[in-house]
Amino acid sequence: MSRKVIIAGNWKMNKTVAEGVALVNELKPLVANVDNAEIVVCPTFTTLSAVVEAAKGSNIQVGAQNISWAESGAFTGEISADMLKEVGVEWVIIGHSERRQYFGETDKTVNQRTKTALAAGFKVMLCIGESLEERENGTTNDVVKTQLTGGLEGISASDMENIVIAYEPVWAIGTGKTATPEMAEDTHKACRSVVADILGQEVADAVRIQYGGSMKGANSKELVGQENIDGGLIGGASLSAKDFSELIINAVG
Ligand code: PEP
């Protein structure tokens, strides 16, 4: 089963409009020859429009970091599918651990946002991952099973063509601690088997599962080289065009 690698940069709450455009303009020539990976950058809402414009005609796609489950109305601080459509975004990240940790995101809201995003024609990076305590308790596989079961509730096999799962152990995000390739591979395999239980083996074999957690140029090849790791969701190393391009080229070059 060949699954195209996908490497996405989550800029989080970093980069002004000018900085984001400069990053993309620097990144474009560095990754112009990469044709064996999908490349996505996910700026803040205020920077999306300018980055979509800067990325036009390149092999860089653009994603948002969240999407409201509601169509419109009294939802202060939320951004709707129509608003993201209007600026030309293709992808949305849903359920990042920082949203779960600081903003009350749950498997239920992840599921609601995912359904809204798919109905509007977006592709989704659905994030899951265990805390350090859960890893140390030995409950990692139960945690990802619960998150996948809740997040994918009511999602069909054909919907899955537009979903990428991002497995991100929370203890490895922004900490410099990376899961070993073997550790990550074991959990990716467990995630794939949960998808097989929910939606069948064919869907499970086709779905892409990204790894996230302190991935960088020095470890991207080994991680993405694992059988069940189909790319990365990158925080820190996506904030520099040089580091991000090096990570991508090392992973798939
Ligand atoms: C992330 O936040 O999705 C992430 C993986 O961050 P970092 O690469 O900085 O660990």
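Are Glu 105 and Arg 113 buried or exposed? Both residues are buried, where buried means under 20% relative accessible area, exposed means over 50%, and partly exposed lies in between (1.4 Å probe, protein chains only). The structure is a predicted model, in which local features need pLDDT of at least 70 and side-chain atom pairs count only at pLDDT 80 or more, while totals for chains, interfaces and linings use all residues. Residues are numbered from 1 along each chain as its sequence is written, and side-chain values use heavy atoms, with hydrogens and water left out.

**Salt bridges**

- The count comes to 13 salt bridges, a salt bridge being a side-chain nitrogen of Lys or Arg within 4 Å of a carboxyl oxygen of Asp or Glu.
- One of them joins the side chains of Glu 105 and Arg 113, at 2.7 Å from N to O.
- Salt bridges with shared partners link Glu 78, Arg 99, Glu 105 and Arg 113 into one network.
- Arg 100 forms a salt bridge with Asp 107, and their closest N and O atoms are 2.7 Å apart; Arg 100 and Asp 107 are both buried.
- Glu 53 and Lys 56 also meet through their side chains in a salt bridge, at 3.0 Å from N to O.
- Lys 56 is exposed, because its relative accessible area is 54%.

**Surroundings of the ligand**

- There are 13 residues around the ligand, and Lys 12, His 96, Glu 168, Gly 174 and Ser 214 come nearest; a residue is near a molecule or strand if one of its heavy atoms lies within 4 Å of it.
- This shell divides into 4 nonpolar, 7 polar and 2 charged residues. Here Ala, Val, Leu, Ile, Met, Phe, Trp, Tyr, Cys and Pro count as nonpolar, Asp, Glu, Lys and Arg as charged, and the others, Gly among them, as polar.
- In the side chain of His 96, an N or O atom is 2.8 Å from an oxygen atom of the ligand.
- A polar backbone atom of Ser 214 is 2.7 Å from a ligand oxygen atom, and a polar backbone atom of Gly 235 is 2.8 Å from a ligand oxygen atom.
- Of the 290 Å² of accessible area that the ligand has on its own, the protein covers 95%; accessible areas come from the Shrake-Rupley method with a 1.4 Å probe, and for residues only the protein chains shown count as cover.

**Aromatic rings**

- The whole structure holds 2 aromatic pairs. Rings of Phe, Tyr and Trp (its six-membered ring) pair if their centres lie within 6.5 Å, and planes under 30 degrees apart count as stacked, over 60 as edge-to-face and the rest as tilted.
- Tyr 102 and Phe 103 form an edge-to-face pair, with 6.4 Å from centre to centre and 80° between the planes.
- Tyr 102 counts as exposed because its relative accessibility is 56%, and Phe 103 counts as exposed at 55%.

Note on methods:
A polar contact is a pair of N or O atoms within 3.5 Å; within protein, one must be able to donate a hydrogen and the other to accept it, and residues adjacent in sequence count only if both atoms are side-chain atoms.
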